[in-house]
Amino acid sequence: MDSLIRVLAQALDMVEIAYIGASTNHGKRIAVLCAAMGRYLGMGEDELSDLVCCALLHDNALTEFIQLQRGSEEDTIYLGPHCEIGQRNLERLPFKGDITGFIQYHHERADGQGPFLLLEGYYPMGAELIAAADMIDVNLHLQRIAPEGLPALRQGIAGDIHRRFTRRAGDALLAVLDEELLASLGDERIVETVNRSVPAWIMDMEDPALVPIAEFIARIIDYKSVFTRIHTQQIANRAWVIAEHYGYDLTRKIQLYLSAALHDIGKLAIPSEVLEKPGKLNDEEFKIIQTHVVHTRALLDADEGLGPITEWASNHHEKLDYSGYPMGKTAADLDFNSRLMACIDIYQAVSEERPYHPRRSHADTIAILNSMAERGKIDPAIVRDMDEIMAPWSGKDVEGPRL
Ligand SMILES: [Fe+2]
Ligand SMILES: [Fe+2]
Ligand SMILES: [Fe+2]
Ligand SMILES: [Fe+2]
C-alpha cells in the first residue's frame, strides 16, 4: 500500500510526456531533489514525507489544466490555474502537517516574477523547494546533464539566488547537488532512486484515508476526458454500494473501491487526440485506446501492496467468452470481483451521457446488460444483482462512501 502515491506519480509523469512534451520522470526527479534538500534543511520524517508527496504530485492538475487551456484561445502555458487547482485537489489527502501553499506557489520566483507575484519570504518553504527543483529540471533537463556539466549548473544556480531561487532553496540545492545525486536522476536509475530516498506513506487496507486518495485519483483520471467527467468516480461509488450490499468487510470494500478508482488509470498514458476523438475511431486508434488496460496493469503491478486490486482493475474489459481485451480471457480466468468490475464499467458507460448517446435510465441500461449476459459475455447473476441494487439510483448520480 505504501506506494499508491508513487503509482499515481508514475501515471502523472506519463501525462506530462503525452501532453506538455516535458521530459519523462519529471515528478520523480522533483521528489528526489526535494527529499535531499529537506534532509539538508533538517526536516523531520513527517515534514519530509508531506513535502515529497507534494513534490511527486506537484503537477497533478495537468489533466484539468489541459482542459482549461483547450477551452481558451490562449496558447501559451497559463501557470496560475494549474497551481491553484493542483493545491485544491491535494487538500483532502491525509497529510501529517500543513501543506498550505506548497502547490499553489510552486512556480513563484524569489524576485516576484512568478504567477502570483510573491516575493521571497512570502511563500512557504515547501513551495520554495519544489519551485527550485522544478525550475532547474524544466529548463535544463537534469536527466541529460553529464558530470562535466555540473560546475556550470551550480554556477547558474548561485547566480540566480534572489532571482529565480530563494536564498534558502538555492543554498540547499547547491549543498545537495553533487555528481552522485545528478547521476541518480537519469531515466534508467530514477525509479530505484525514488524507492531508496523517498519516505513512503504506510497505510493499510482499513485506513479510511484511502477513500480521499481514491477520490483524488478518480478525479484526475476523469479530467483527462471531457466526455466522461464522472465515469471513474461513479464506478467507484457504485462499487462501494454493491460491496455493502454483498456484506463485504471494510478491507474488501476499500479494495473494491480502490480497484474501481484505478481501473482506467492507464488512460492517463493515452494521447488525448485519440481518447477525445469526436468521430468514429479507426482500427489503429481503437487498438491504442485498448492499450489503456495494459498500462493500468503495468502501473498497478509496481505496487505489490495492492494485492487482488490489480487483477480486478486490469480485467475490466475482459469478457467471459474470449471476446474481451487485452488478453481474451474466459470465465475460468475471471474471479467474481473481476466480473463485477466489468459489469459496473459497462453499466456506467451505457448509462452515462456520451457524445453519441444520452443518459439512459436504469431499465434501459439493464436491458443492454441483459442482452450481453444472454450472449455469454458477462455474468447473468451479477446483472440480476445490479438490477436490484442500482434501481434506486436510476437517472441519479450514486453517492460515495461516508466513513
Ligand atoms: Fe507546474
Ligand atoms: Fe513541474
Ligand atoms: Fe476502461
Ligand atoms: Fe472505465
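Biologist: What covers the buried residues of α19?

Modeller: The cover includes α18 (336–351) and α20 (380–390). This is a predicted model: local features need pLDDT of at least 70, side-chain atom pairs count only at pLDDT 80 or more, and totals for chains, interfaces and linings use all residues. Residues are numbered from 1 along each chain as its sequence is written, while chains are lettered from A and ligands numbered from 1 in the order in which they are written.

Biologist: What makes α19 a helix, and how does its reach compare with the expected span?

Modeller: A helix is a DSSP run of H or I with at least four residues, numbered from the N terminus (strands are runs of E, at least two). α19 covers residues 362–374 and has 13 residues. From first C-alpha to last it reaches 18 Å, close to the 18 Å expected at 1.5 Å a residue. The expected span is 1.5 Å times one less than the number of residues.

Biologist: Which residues of α19 are buried, and what does that word require?

Modeller: They are Thr365, Ile366 and Leu369. Buried means 20 or more other C-beta atoms within 10 Å of the residue's own; exposed means 12 or fewer; partly exposed is in between, with C-beta atoms placed from the backbone.

Biologist: Why are the buried residues of α19 said to line one face?

Modeller: Down the axis of α19 they fall within an arc of 95°, so they line one face of the helix. The arc is taken over directions from the helix axis to the C-beta atoms. The face turned away carries the exposed residues Ala363, Ser371 and Glu374. Just after α19, Gly376 has a positive phi of about 80°.

Biologist: What about α10, residues 190–197?

Modeller: Ile190, Thr193 and Val194 are buried there. Their arc is 100°, so they too line one face of α10. Exposed Glu192 and Arg196 sit on the face turned away from that buried side.

Biologist: How do you know where the domains lie, and which residues touch?

Modeller: The bounds come from an automatic or database domain assignment. Domain 1 is 4–197 and domain 2 is 210–393. Their centres, taken over C-alpha atoms, are 33 Å apart. Residues are in contact if their C-beta atoms, placed from the backbone, lie within 7 Å. By that rule, 16 residues of domain 1 meet 17 of domain 2.

Biologist: Which elements of domain 1 supply that side?

Modeller: α1 (4–19) and α4 (62–71) give two or more residues each. α1 gives the most, eight residues.

Biologist: How do α11 and α12 meet?

Modeller: The axes of α11 (residues 210–223) and α12 (residues 231–245) come within 7 Å and cross at roughly 145°. Axes are lines fitted to C-alpha atoms over the stretch in contact, with angles from 0 to 180 degrees between N-to-C directions. Among the contact residues are Ala214 of α11 and Ala236 of α12.

How values were computed. Contact = placed C-beta atoms within 7 Å.
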